[in-house]
Amino acid sequence: MGSQALGHLVVFLIVICNGLSVYAILPSTGGCVPVEWAANWTDFADIYNRYDDPFEKPGEIVDGVAVRDIIQLAGLAWNARSWREITGLLCVSYGPLVNGLVGDNRIRRVCEPILSSLKENEDSSIYNDCIRASIDSGAIDVFEDRQYLYSSYYGDINNIQIVPNLSPTAFELLGWVGPSPFSFDIYGACSALRMLLSTPVADILDRVQEITVHPLAVVLKSDIFWRICREPNPTGDETLALAIVNSLSDRPICQFVSTSPTLEASKDRATAIISNAEVMLTDTFTCQKLLTEFNDNFRHEHSHDIFNMITGTTVRLTRDREELCTYISMAFSAESRYIPTAYYLPQGTNLDEFRAWDTPGEFLPGVYFRDVLDIAGAFLRADTLRDGMIQLCYVSEEFITYRLDPKYNIPSIARMCASLRESQFGQLEDACLDPLSKLTSGWNEYLTYPIDSPLSMRSVSIFYLEAIGVEFYRRLFQPTRISPEDTCGDLDNYYRSVNNLQSLTLLAVDVALREVIPIAHGICENYREIYHYYSTRDCCGTFPAIERNVQSFILAQFGFASREELCSSIAIGIDEKSGRVTDEAVTRFQKEALRFLTDERRCLAFDPPFRRLLRDSGSDADEIISTYIGYNSAEELCKELSQFFASKTCGGAMLGSHPYMLVLVIIQVVLATVVFVQ
């Protein structure tokens, strides 16, 4: 999965670079560049006869396409009034060249309607072009390929169900916790814990309920319950599923699914079921209804024995069900008077000889199912997740710290509890990472982390990169789900909106900075340790030079005089409680990261580290700038860069249609997103 998504990302970047590289130069008239929406289709008709090696002429990639032209038209796209206008620029400059390469006037047939609509200032939809591009690029095949991801008696689950139905849940989760937890490693888990600590428990439960509604609705709408309801002799699991859903529903589920409900109706039913499940904890009537359904419809003796073994209560008698439900409602009631107390192993008990549930309902020596209910109730009544975890620490810390095997790195458990009580959220995250790094060592290539490596140096997994890409897609198009129709509709809406290359880049930088800055903060806090770690593993003595060059470019990018100044600014931008970067810090770093495009002095700040890098590799900076970029000096390059990125096309807002080439770029993002959701 990771290699496929990475491949789509590479293709996406190549397409963008190719699009920029074929811009033709336009005459500049100060800050406004006049554009005639017409292409000379004979310009590159003999492209194969004219082809020379790249950069045979200084600064020219191929004959007629120079780096200087790329920079100028990138500036025009930066300040364009819409993607319609950018698409027109692509056709004026890109069309003749690619038409000559492809032949048969195929590109001309695509571009001429675009240029015509720009001339006439006509608005039109790109939806149909998007669908056609999806077919040509193979995106439709991803959805229609009936590769079975899961098969069972209840039906075959394939791409058609998985991608559109589960993508809304993925988008909701990303909107709540961000990409970090989707790295599926110890950093994702511990960062998510730190972020949620200050969140009210009630809010967490509400969000979980909202996120659970859609998957449950999909199940209710699928063939699963319809097949169970038609089964004359359902299995024990099937009977249990029906019993649970019926007890939490106001209407028999078999009657509901027989009407072929819509997704919206299934969502309403799923919401009611989840709400009733929550109500069951404090409402004895709903609780008794569930247990009665279980007793009446689930008649397998072994399952009743398991229920009795775990809870210490039988469900066969009405009075037993009433007694258990009354205790559950008291445990989770806001009026509960239960006060958590520290758990100590009963004197004389040998934990090695203890077997859970040998005595019905006994989880640990002297700890029964009803005690667990009381502890869970206290946790859910807590104001925030931190308060709830303090309750758990109070109950279990002594037992965990002094009675369990030292191989679980028990001192970290004590550190976590101390950090919770003292509201030291950063220390708690460190205490979370320490034992997990040892427990997960050797699990698999994605979770394993070298035990001797600095924990503050977060490794970035392929899952994390994919999640960041999907988050960018989510924020760019604000999608509800992924399917060819929905995605093309989202693209059409975006294409009509007031956006350009600048807004696209600003969003991409924003998404990246929100993940990079917390990682950079960890590096800053333990810079010497990390430097020493990589220096001692440097076989060729190149690490100091690499570190110096990377640091110089970063300082030039963001305008800082020293690493200490940069790290201080990063530290100010980290929220102590959540560990995430603040919006103000993202805006500040975003602005500084792109300042070199319009600020000559900031652009020239790259010259010294660039020259040092080339000198270390045995190259001459002036020769590189002249041969491959086409400028006589860095000063000339930076001056024109700032001019080009301040220029724009003349005239009113341009409207267009048939953005076929732009759609092909977006399709690559869709394909990578599909891989992530699956």
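Predicted model: local features only at pLDDT ≥ 70, side-chain atom pairs only at ≥ 80, totals over all residues.
Me: What is the mean pLDDT of the chain?
Reply: The mean pLDDT of the chain is 81, and 82% of its residues reach 70 or more, where pLDDT is the predictor's confidence in each residue, from 0 to 100. Over residues 1–30 the pLDDT is below 50, and beyond near neighbours in sequence this stretch has 59 contacts in the model, a contact being heavy atoms within 4.5 Å. The pLDDT also stays under 50 over residues 145–159, for which the model has 32 contacts beyond four places in sequence.

Me: Okay, disulfides: how many are there?
Reply: The count comes to eight disulfides, taking a disulfide as a pair of cysteine sulfur atoms within 2.5 Å.

Me: Which cysteine does cysteine 130 pair with?
Reply: Cysteine 130 forms a disulfide with cysteine 488, and their sulfur atoms are 2.0 Å apart. The pair links distant parts of the chain, with cysteine 130 in helix 6 (residues 127–137) and cysteine 488 in helix 23 (residues 484–496), 358 residues apart. Helices here are DSSP runs (H or I, at least four residues), numbered from the N terminus.

Me: And why is that one called left-handed?
Reply: The torsion about the S-S bond of cysteine 130 and cysteine 488 is about -75°, so the disulfide is left-handed.

Me: Are those two cysteines buried or exposed?
Reply: Cysteine 130 is buried, and cysteine 488 is buried as well, where buried means under 20% relative accessible area, exposed over 50% and partly exposed in between (1.4 Å probe, protein chains only).

Me: What about cysteine 287, where does it sit?
Reply: Cysteine 287 lies in helix 15 (residues 284–297) and its partner cysteine 325 in helix 17 (residues 318–332), so the pair ties together parts that are 38 residues apart in sequence. Their sulfur atoms are 2.1 Å apart, and with -80° about the S-S bond the link is left-handed.

Me: Which cysteine is joined to cysteine 603?
Reply: A disulfide joins cysteine 603 to cysteine 638, with an S to S distance of 2.0 Å, and both cysteine 603 and cysteine 638 are buried.

Me: Switching topic, where is serine 191?
Reply: Serine 191 is placed in helix 9 (residues 186–196), and serine 191 is buried, with a relative accessible area of 7%. Its side chain makes a polar contact with the side chain of serine 180 (2.9 Å); a polar contact is a pair of N or O atoms within 3.5 Å, and within protein one must be able to donate a hydrogen and the other to accept it, while residues adjacent in sequence count only if both atoms are side-chain atoms.

Me: Last one, how many residues are in the largest nonpolar core?
Reply: The largest nonpolar core has 81 residues, and those with the most contacts inside it include Leu193, Leu385 and Phe645. Its largest share, nine residues, comes from helix 24 (residues 501–525). A nonpolar core is a set of buried Ala, Val, Leu, Ile, Met, Phe, Trp, Tyr and Cys residues joined through side-chain atoms within 4.5 Å.

Key:
Residues numbered from 1 in each chain as written. Heavy atoms only, no water. Helix = DSSP H or I, 4+ residues; strand = E, 2+ residues; numbered from the N terminus.
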